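Reader: I have just opened this structure and would like to learn how to read it. Could you take me through it one feature at a time?

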Amino acid sequence: MNDSKKQHNEEVRLMKGNEAIAHAAIRCGCDGYFGYPITPQSEIMETLMELEPWNTTGMVVLQAESEIASINMVYGAAGCGKKSMTSSSSPGVSLMQEGISYLAGAELPCVIVNVMRGGPGLGTIQPSQADYFQTVKGGGHGDYKMITLAPASVQEMADHTVLAFDLAFKYRTPTMVLADGVIGQMMEKVILPPYQPRMTEEQIIEICPWATLGKTANRKPNYITSLALLSEDMEKLNMRLQTRYREIEKNEVLYEEFSCQDANYLIVAFGTCARVCQKTVEMARADGIKVGLLRPITLFPFPTKAIGEYGRQTKGILTVEMNAGQMVEDVRLAVNGAVKVEFYGRMGGIVPSADEVLEVLKSKVIISTFE
Amino acid sequence: MTTNDIINPANLVYDQPKILNDVPMHYCPGCSHGVVHKLIAEIIEEMDMQDKTIGIAPVGCSVFAYKYLDIDWQQASHGRAPAVATGIKRLLPDRLVFTYQGDGDLAAIGTAETIHTANRGENITIIFINNGIYGMTGGQMAPTTLNGMKSSTSPNGRTVPLNGHPLDITKLLAQLDGTCYVTRQSVHTVATVRKAKKAIRKAFENSMSNKGTSVVEIVSTCNSGWKLSPSQSNDWMVENMFPAYPLGDLKDI
């Protein structure tokens, strides 16, 4: 019986990245999803509505009247210590920024998925990575950070949903899964995570003693707020948050290396761009160019140390993104002038091809280091 | 009767509810908030719901409501209290969940959340303090500010060509299929305080028996914002606010 259950859990399925998020959310014991339709991520809520988890795990799924309402429903649920999440795409995530700032200020755990599309404005529905700054550098008002996971496969869409909840609760912070339209829409094989039961109220009281579940006789009232009237109190909250962010930087950096061991040159790319650049590395190596790929999996915390080391070991770095050059600033900060960092990006929903990247690598990075 | 007889607990006919914390309130003398807070505290105590109640405080003067009522609270961003309440009540359906909002919060920036929460018929209570002004930020014009009424952003009085009409959002909410009880009360006399208490109690009971959204508007005074004494404010309210926002039940099913 156990074996067959295990086998069922490890069954390989074929699905879209967005669908994998929905399945993973149910399986990891998510209590509530609140969302608003927007392309290219609507399959997340559609899949949840089709699966009707309220009949199985008891998970609540609700279509809200706006992204603003969604993120505030998440705030309410998260304030009760419930595993809650929302998902959207770039323009919708812009609308959520105030709510995310409140979640960060009130130290509430939750998961936000952004399946990025081209901007600015209404932009396009095609894939983009142009929300890197918004996600990693703040987005909303005030000094806060969000743990940011950047999946590059359908498998990671599922895995990162589970991991995002774990990190959110570990550090009492909103956590972002920052995907793009390609990862959301493409179909790949995936092994879904095993089922975990939803937290009982007793478990919530133990893990989240701050949760507003109703004031019982044995404790003081709990209140969820990001307000402090005295600036001294507000500075204390800020210092607590900053200390936590330093802990996150110390403990939670994730990245993947591909053919880096003997590399003379390094490509840094995340998400879909990393998939493209993996092909570039194979093509370059066939041409005798020793190039490696470093794929940041966490964008905050950023793999600063690892990239800094490659800055000393390699002759040139190329950062590839689907934007006008955002993560490249963090790569440059990481190498701190030790090596030249070039950038190549496509915008407005265009995915660069492996050939394009190889050409740029040869013309901009390799030539310049010979000069 | 001597003073000692009067303070003898056995002779008490009126007491402070235990849920109302014994701390000085920051509200201005004459403000309606204090009375409404006390009513909520009394009702929660009478219903024995302290351990099952979650209040949602808005942005506005009542952002500090958590200091005064000894229950769990969440503080929402401006206008979003009904969405926050939805998130809580959907995941904790056996709890008493209420929002406490002012006119700017509920009827301007939070109009969408208010209407959609009520239209979904979320099993929550919305306590709506309507004093026709933004009190906390210093007396600016609100969506419910009356025509001709002066505020810091309508110094010569609100005019329709410039500001549009005052919004009777409670009337609008009564039209929605999701609301079960919509009423307008005040707390400026002993009689109206008693009526308001009955209304809030009924709303809370509706929320616990899953009848839909209950809305209790309290037409209130903001004597600091109105630049009148507490007593003048009450008179001004009766004379000017009540004709525009008449007291009574708008819906009760």
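Author: The contact draws 33 residues from chain A and 29 residues from chain B, where two residues are in contact if their C-beta atoms, placed from the backbone, lie within 7 Å. This is a predicted model, in which local features need pLDDT of at least 70 and side-chain atom pairs count only at pLDDT 80 or more, while totals for chains, interfaces and linings use all residues. Residues are numbered from 1 along each chain as its sequence is written, and chains are lettered from A and ligands numbered from 1 in the order in which they are written.

Reader: In what order do the eight strands of the open sheet run?

Author: First the general idea: strands of a sheet pair through backbone hydrogen bonds, either parallel or antiparallel. Two strands are taken to pair if DSSP finds at least two bridges between them. In this model the order is β9(A)-β2(B)-β1(B)-β3(B)-β4(B)-β8(B)-β7(B)-β9(B), with mixed pairing. The edge strands are β9 of chain A and β9 (248-252) of chain B, each of which pairs on one side only. β9(A) and β2 (residues 72-75) of chain B pair in the parallel sense over two bridges, and A:Ile224 stands opposite B:Gln74 in β2(B).

Reader: Into which domains is chain A divided?

Author: Chain A has domain 1 (2-201) and domain 2 (255-370), with bounds that come from an automatic or database domain assignment. Their centres, taken over C-alpha atoms, are separated by 28 Å. In the contact between them, 25 residues of domain 1 of chain A meet 21 residues of domain 2 of chain A. The largest share on the domain 1 side, four residues, comes from α7(A).

Reader: How do I read a helix such as α14 of chain A, and which of its residues are buried?

Author: An α-helix has 3.6 residues a turn, so residues three or four places apart point the same way. A residue is called buried if 20 or more other C-beta atoms lie within 10 Å of its own, exposed if 12 or fewer, and partly exposed in between, with C-beta atoms placed from the backbone. In α14 (residues 327-335) of chain A, the buried residues are A:Met327, A:Val328, A:Asp330, A:Val331, A:Ala334 and A:Val335. Seen down the axis of α14(A), they fall within an arc of 160 degrees, so they line one face of the helix; the arc is that of the directions from the helix axis to the C-beta atoms. Their cover includes α7 (132-136), β11 (265-268) and α13 (304-313) of chain A.

Reader: What should I look for in the backbone angles?

Author: Most residues other than glycine have a negative phi, and most peptide bonds are trans. After α14(A) comes A:Asn336, whose phi is positive, near 50 degrees. B:Asp48 also has a positive phi, near 55 degrees, and is found in the loop between α2 (33-46) and β1 (53-57) of chain B. B:Asp48 is exposed, with 8 other C-beta atoms within 10 Å.

Reader: Which residues does the cis peptide bond at A:Pro120 join?

Author: That bond joins A:Gly119 and A:Pro120, with omega about 0 degrees. A:Gly119 lies in the loop between β5 (110-116) and α7 of chain A and is buried, with 20 other C-beta atoms within 10 Å. A:Gly119 and A:Gly348 are 229 residues apart in sequence and 6.2 Å apart in space, C-alpha to C-alpha. Another cis peptide bond joins A:Phe300 and A:Pro301, again with omega about 0 degrees.
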